[in-house]
Structure formats: structure tokens, C-alpha cells
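Trainee: I would like a close look at a single part of this model. Please take me through it step by step.

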Amino acid sequence: SHDATAQPCNPDLAEMVYGVGKMDYRQTALTFYKEATAAGDKIFVSKGEQATYNDAKLACTNAGGQLASPQNAEENKAVLDFCKMYKVFPYLGINDLLIEGSFRYPNGEMLSYSNWSDKEPNNDQGVEDCVEMYDNGKWNDKNCNEKRLIICEF
Ligand code: 289
Ligand code: CA
């Protein structure tokens, strides 16, 4: 019953899911994303908007979730689906802002899964503390000040 691919990826429904104010976002998301039913499953939502890492992070936490932080291949694919749907690379919640070179989840825990692109993370120019996903699902550490697709998980 685990299916985190959040189908169907209907932007109008996604808009409703994280535009609902301070309701029970997870329950609301589940109402629309009927494929994600098992307790404990993540729900991924995007409205197609772009923002810097800080603003993207705020958008998700204000909605009661956090930036998408895939922890296995299935979740990574769910994020990739949004990346392809909107044709924009997303920021993940994963970052090494706290300790350079130590990429972690938003809650500070170490990664249990990664999908780095070849030769990444390289901290290019010494300024890459955030992570974007390419349209092949691979990860690249990237400057946090670019504008990237906002995908939240709940
Ligand atoms: O500013 C450098 C970035 O845009 C990216 O450039 C190249 O694709 C690689 O060096 C990446 O690692 C880097 O993040
Ligand atoms: Ca990089």
C-alpha cells in the first residue's frame, strides 16, 4: 500500500493542499492523493513556485511540513516526478549549513540515503550548502541563493 509517488500530480489539487491554512495538512493531502494511504507515508506537494532555499524552507514549514528530503529511491522518484512536471530543479531540505561537508536532514540527522550525481557534492567555489535535484533524479550541492522549485513533504 506504500506509494509515495503522490499521483495524480494535478497542480490544481496541489495548490489546494498547501493553500488550506492551518488545517490538518496531512489529512487534507491524503484526501487528494489517494495513492498515499498507509500511516507514516510521506506526502509530497508542489504548487510549481520557485524560491531561494530560505524562502522555500519557510513556505514548507509555514504549511506544517518541510522541504522534500527523500530517504529512499521511491521518495526520490516522487520528488523527481514534480521536477519533471514543472520542468524546474527543486531544492531538497538536505543541506550542510551547520557543518561543512556533513549533509543532513532538516532535523539535523545524518543522511540514511543519498543519490549524488557523479563528482558531487563538490562545494564548488566553497559556497554550495544546499542541494538541488537534476531532472535525472541525481543530486548536486548548490548555492542556496538560486531560485528552485518548492516541493514540500508532509
Ligand atoms: O556554480 C556552479 C554550479 O552551477 C555547478 O556547476 C557544475 O555543474 C558543477 O561544478 C556543480 O557541482 C556545481 O554545483
Ligand atoms: Ca555542486
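Where does asparagine 123 lie?

Mentor: Asparagine 123 lies in the loop between S4 and S5. The model is predicted, and what follows should be read with that in mind. I will begin with the strands on either side of the loop, then go through the loop itself, and end with the metal site.

Two pairs of residues show how they line up. Tyrosine 91 has glutamate 132 in S5 as its bridge partner, and asparagine 95 stands opposite cysteine 130 in S5.

These strands belong to an open sheet of 3 strands in the order S4-S5-S6, with antiparallel pairing. S4 and S6 are at the edges and have a single partner strand each, so one side of each has no neighbour in the sheet. On average, neighbouring strands of the sheet are turned by 35° against each other, direction ignored. Helix H4, residues 73-86, lies across S4, S5 and S6 and runs at about 70° to S5.

Now the loop. Aspartate 96 lies in the loop between S4 and S5. Aspartate 96 is buried but has no salt bridge. The nearest side chain of opposite charge is that of arginine 104, 9.0 Å away, while a salt bridge needs a distance within 4 Å. Leaving aside neighbours within four places in sequence, aspartate 96 is in contact with Gly101, Ser102, Phe103, Glu128 and Asp129.

Further along come some backbone details. Most residues other than glycine have a negative phi, and most peptide bonds are trans. Lysine 119, in the loop between S4 and S5, has a positive phi of about 70° although it is not a glycine. Lysine 119 is also exposed, at a relative accessible area of 70%. Your residue, asparagine 123, likewise has a positive phi, near 45°, without being a glycine. Asparagine 123 counts as partly exposed, because its relative accessibility is 21% and buried means under 20%. The peptide bond that joins glutamate 120 and proline 121 is cis, with omega about -5°. Proline 121 has its place in the loop between S4 and S5.

Glutamate 120 brings us to the metal. The calcium ion (ligand 2) is coordinated by Glu120 (OE), Asn122 (OD1), Glu128 (OE), Asn140 (OD1), Asp141 (O) and Asp141 (OD), at 2.3 to 2.6 Å. Along the chain, the donors follow the spacing E-x1-N-x5-E-x11-N-D. Glutamate 120 lies in the loop between S4 and S5 and aspartate 141 in strand S6, residues 139-142, so this pair ties together parts that are 21 residues apart in sequence. Both glutamate 120 and aspartate 141 are buried.

To put the part together, start again from the residue you asked about. Asparagine 123 is in the loop between S4 and S5, and Glu120 and Asn122 are among the residues that coordinate the calcium ion (ligand 2). Glu128 is another of these residues, and Glu128 is also in contact with aspartate 96.

Conventions:
Residues numbered from 1 in each chain as written. Chains lettered and ligands numbered in written order. Predicted model: local features only at pLDDT ≥ 70, side-chain atom pairs only at ≥ 80, totals over all residues. Heavy atoms only, no water. Pairing = 2+ DSSP bridges. Helix = DSSP H or I, 4+ residues; strand = E, 2+ residues; numbered from the N terminus. Buried < 20%, exposed > 50% of the residue type's maximum accessible area, 1.4 Å probe, protein only. Donors = N, O, S within 2.8 Å, 3.2 Å for Na, K, Ca; no water. Lys, Arg positive; Asp, Glu negative; His and termini not counted. Contact = heavy atoms within 4.5 Å. Axes fitted to C-alpha atoms, helices over the stretch in contact; angles between N-to-C directions.
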